[in-house]
Amino acid sequence: QVQLVESGGGLVQAGGSLRLSCAASGRFANINDMSWYRQAPGKQRELVASCTGGGMRNYADSVKGRFAISRDNDKNTVNLEMNSLKPEDTAVYYCSASIKAELGSFWRNYWGQGTQVTVSS
């Protein structure tokens, strides 16, 4: 079974930094895009940052210049460095990856369990 396991998160004051990590485990053939999403109370889940297997990165406008996504294809991990955090960054952050479980199978999106990030003012 493919699993995405997240770590990091927590409580930080505004202006502070946090680092989220996510590792894909289990049996699979390939990983394509790896991404971070977030969902604040009462709001829809939104894309924060994504990184293709080739290293192309994409960010939500609200986090550009503050957040940085990186991945290690050998370790099947993706990280999110979050700097200059604001109270509006408070949300549950989810790791997501497009994974092909077996050669010849379809790509499927997998999700982590989510990790809470709370930024106090």
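Reply: Let us begin with the surface, bearing in mind that this is a predicted model. The accessible surface of the protein chain comes to about 6800 Å², and carbon and sulfur atoms account for 46% of that area. Of the 121 residues in the protein chain, buried ones make up 40%.

Me: How many helices and strands are there in the protein chain?

Reply: The protein chain has 0 helices and 11 strands, so that reading along the sequence gives the pattern β-β-β-β-β-β-β-β-β-β-β. The radius of gyration is 14 Å, close to the 14 Å that the globule rule gives for 121 residues, and the protein chain is therefore as compact as a globular protein of that length. Along its principal axes, the C-alpha trace spans about 50 × 25 × 25 Å.

Me: Which cysteines form a disulfide?

Reply: As a general idea, a disulfide is a covalent bond between the sulfur atoms of two cysteines. In this model there is 1 disulfide, formed by Cys22 and Cys95, whose sulfur atoms lie 2.1 Å apart. The angle about the S-S bond is -75 degrees, which makes the link of Cys22 and Cys95 left-handed. Cys22 belongs to strand S3 (residues 18–25) and Cys95 to strand S9 (residues 91–100), so the pair ties together parts that are 73 residues apart in sequence.

Me: Are Cys22 and Cys95 buried or exposed, and where is the cysteine sulfur nearest to Cys51?

Reply: Both Cys22 and Cys95 are buried. Cys51 takes part in no disulfide, and the nearest cysteine sulfur, which belongs to Cys95, is 12 Å away. Cys51 has a relative accessible area of 1%, and it counts as buried because this value is under 20%.

Me: In which strand does Ser50 lie, and which residues is Ser50 in contact with, leaving aside its neighbours within four places in sequence?

Reply: Ser50 lies in strand S5 (residues 46–51). With a relative accessible area of 14%, Ser50 is also buried, because that figure is under the 20% cut-off. Once the neighbours within four places in sequence are left aside, Ser50 is in contact with Met34, Ser35, Met56, Arg57, Asn58 and Ile69.

Methods
Residues are numbered from 1 along each chain as its sequence is written. This is a predicted model: local features need pLDDT of at least 70, side-chain atom pairs count only at pLDDT 80 or more; totals for chains, interfaces and linings use all residues. Side-chain values use heavy atoms; hydrogens and water are left out. A disulfide is a pair of cysteine sulfur atoms within 2.5 Å. Helices (H or I, at least four residues) and strands (E, at least two) are DSSP runs, numbered from the N terminus. Buried means under 20% relative accessible area, exposed over 50%, partly exposed in between (1.4 Å probe, protein chains only). Contact means heavy atoms within 4.5 Å. The radius of gyration is taken over C-alpha atoms; the globule rule is 2.2 Å times the number of residues to the power 0.38. Accessible areas come from the Shrake-Rupley method with a 1.4 Å probe; for residues, only the protein chains shown count as cover.
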